[in-house]
Amino acid sequence: MSEEILINVTPSETRVALVENGQLQEVHIERARKRGYFGNIYKGRVVRVMPGMQAAFVELGLDRAAFLHASDIQRKPPADAMAADVSALSGSEAHPLPTSAVLAAGNGAALETDSAPRAASASHAANGGVPPISELLREGQEIVVQVIKDPIGGKGARLTTHLSLPSRYLVLMPSAHMLGISTRIEDEIERERLRAIMAPLQEESPGFGYIVRTNAEGQPAEALTEDVAYLHKLWQSIERAIVSTAVGERIYEDLSLPLRAVRDLMRAGVEKVRVDSRESFERTQAFARQFMPELAESIEHYPGARPLFDLYGVEDEIQRALQKQVPLKSGGYLVIDQTEAMTTIDVNTGGFIGSRNLEETVFRTNLEAAQSAARQLRLRNLGGIIIIDFIDMLDAEHRRQVMRTLEKALQRDHAKSTVYDFSPLGLVEMTRKRTTESLERQLCEPCYTCTGRGTLKTTETLCYEIFREITRAVRQFESAKLLVLAAPQVVNRILDEESGTVAELEEFIGKTIRLQPEEQYAQEQFDVVLL
């Protein structure tokens with residue numbers, strides 16, 4: 001599979017596109033005035049403890065206080081529990097690790113560490129669950145936290161005290177003595193080789209935990225040793241900053257978007273990384289030469305007059321990703337609706353009539369829809385609860401093949417997803433981890449006319465609302481006549497279809513009603529003025 005990374009840099013905005021076989025798969029955007037907080041470490045102050053929610057709000061100096069749940073607070077586990085966790089890692093399979101412990105390592109690392117164990121999990125089980133938040137925090141307490149989810153919608157950032165630092169091949173967890181291997185490294189011999197390399201390195205740094213990322217597959221011991229040294233130096237600098245940094249200030253900031261893209265997305269299968277800014281190209285290449293010299297030559301500067309994203313058709317793909325309807329090659333289409341609670345994907349046959357029978361037509365449409373839906377989730381960065389309404393299939397084998405197609409298409413996604421089988425209603429329910437806003441919510445805002453509803457009241461409905469408002473105003477206030485200000489299309493409706501109703505209303509209230517169209521008024525906006 002051919003893969004390329006495109007980096008478009010301007011003074012106000014940086015965009016990264018991942019293209020596979022000429023088709024856009026992912027878009028990442030970072031704006032100078034609105035950089036994300038994901039992965040940053042802050043010294044905060046607890047401003048409110050909420051025992052009923054097992055959580056606290058922490059002031060970081062951001063627009064809104066951030067949210068910290070009790071399960072994301074680091075606690076020192078008993079020695080026997082620690083030993084049990086470490087020994088469990090020596091087996092061929094890793095135990096689940098809550099994402100709160102590792103999400104701050106970045107998108108690529110988050111995916112690869114979900115299968116590693118958390119050092120305190122046995123302690124939680126032994127204590128019968130998470131201790132009350134009031135035993136862990138108090139109001140006014142200073143605390144060092146890491147952002148694991150950017151503010152989304154009206155919610156503040158999500159925090160953890162399980163700090164983690166990513167590098168090219170590893171994730172360092174300073175307070176968890178453990179060793180995890182990415183489950184995406186499936187070769188057991190390779191897993192044992194990596195474990196053998198990391199074991200003595202971990203013994204040299206007691207108290208530290210490591211997660212070996214997918215990028216480490218096939219890498220020599222020297223590369224992992226260099227990563228360990230880099231992470232130790234980085235942690236030492238953070239420890240010094242923790243002492244000197246004031247409350248409400250940032251202690252550590254993750255890399256800029258171009259460098260994160262190289263760190264998390266670049267691998268042996270990537271043919272080239274094209275950067276359209278000379279300064280960013282030099283910075284990116286220097287970063288690669290230091291941490292991944294074998295791939296540094298793949299990075300090149302694009303000096304062309306034609307915009308880089310236009311050359312690859314990325315701009316058009318981004319515009320199409322903002323539309324609700326996604327056409328399929330067969331003639332069918334998807335309808336994607338993103339709401340506050342969940343995202344729904346509806347599959348339709350559209351103009352595809354097939355060539356054999358209805359069941360075969362539906363099956364082929366659903367197969368194509370499964371692949372397209374997986375791509376749209378990555379491209380649009382949709383997360384949370386996702387419901388896919390495939391066209392009903394009678395054949396159980398067809399349903400199994402559609403599920404396998406969907407799961408296989410999701411394997412290349414860097415975000416962790418969980419997919420459940422068809423429900424009794426024929427729906428596929430799934431979740432996809434999100435740490436930043438979706439593409440639509442990064443680039444768009446609610447329509448000022450409909451305020452995000454997606455619909456407008458009809459002119460007929462507005463006419464009757466105006467008539468009710470006139471009746472209400474006349475009963476409350478004395479006036480000789482009334483002036484109605486409304487959008488031109490509403491006024492035209494009153495003068496045409498509702499002219500008889502206006503005449504009857506004037507006779508009923510005994511006052512004159514004058515209509516005045518206002519070009520600046522939105523369709524649902526009107527005023528009744530007493531004269």
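**View 1. Helix α15 against the sheet.** In this predicted model, helix α15 (residues 488-495) lies across β22 and β23, running at about 140° to β23. Helices (H or I, at least four residues) and strands (E, at least two) are DSSP runs, numbered from the N terminus. Contact means heavy atoms within 4.5 Å; angles run from 0 to 180 degrees between N-to-C directions, with axes fitted as lines to C-alpha atoms, for helices over the stretch in contact. Residues are numbered from 1 along each chain as its sequence is written, and side-chain values use heavy atoms, without hydrogens and water. In this predicted model, local features need pLDDT of at least 70, side-chain atom pairs count only at pLDDT 80 or more, and totals for chains, interfaces and linings use all residues.

**View 2. The open sheet of 3 strands.** The strand order is β23-β22-β24, with mixed pairing; two strands pair if DSSP finds at least two bridges between them. β23 (512-517) and β24 (526-530) stand at the edges, each with a single partner strand, so one side of each has no neighbour in the sheet. Strand β22 (residues 481-486) runs parallel to β23, joined by 6 bridges, and valine 484 stands opposite leucine 515 in β23.

**View 3. Helices α14 and α16.** Helix α14 (residues 459-476) packs against helix α16 (residues 499-509) at an angle of about 10°, with the axes 11 Å apart. That makes α14 roughly parallel to α16 (angles under 35 degrees count as roughly parallel). The contact is made by Phe467, Ile470, Thr471 and Val474 of α14 and Thr501, Val502, Leu505 and Ile509 of α16. Helix α14 also lies across β22, β23 and β24, at about 25° to β24.

Note on methods: Parallel < 35°, antiparallel > 145°, perpendicular 65-115°, else oblique.
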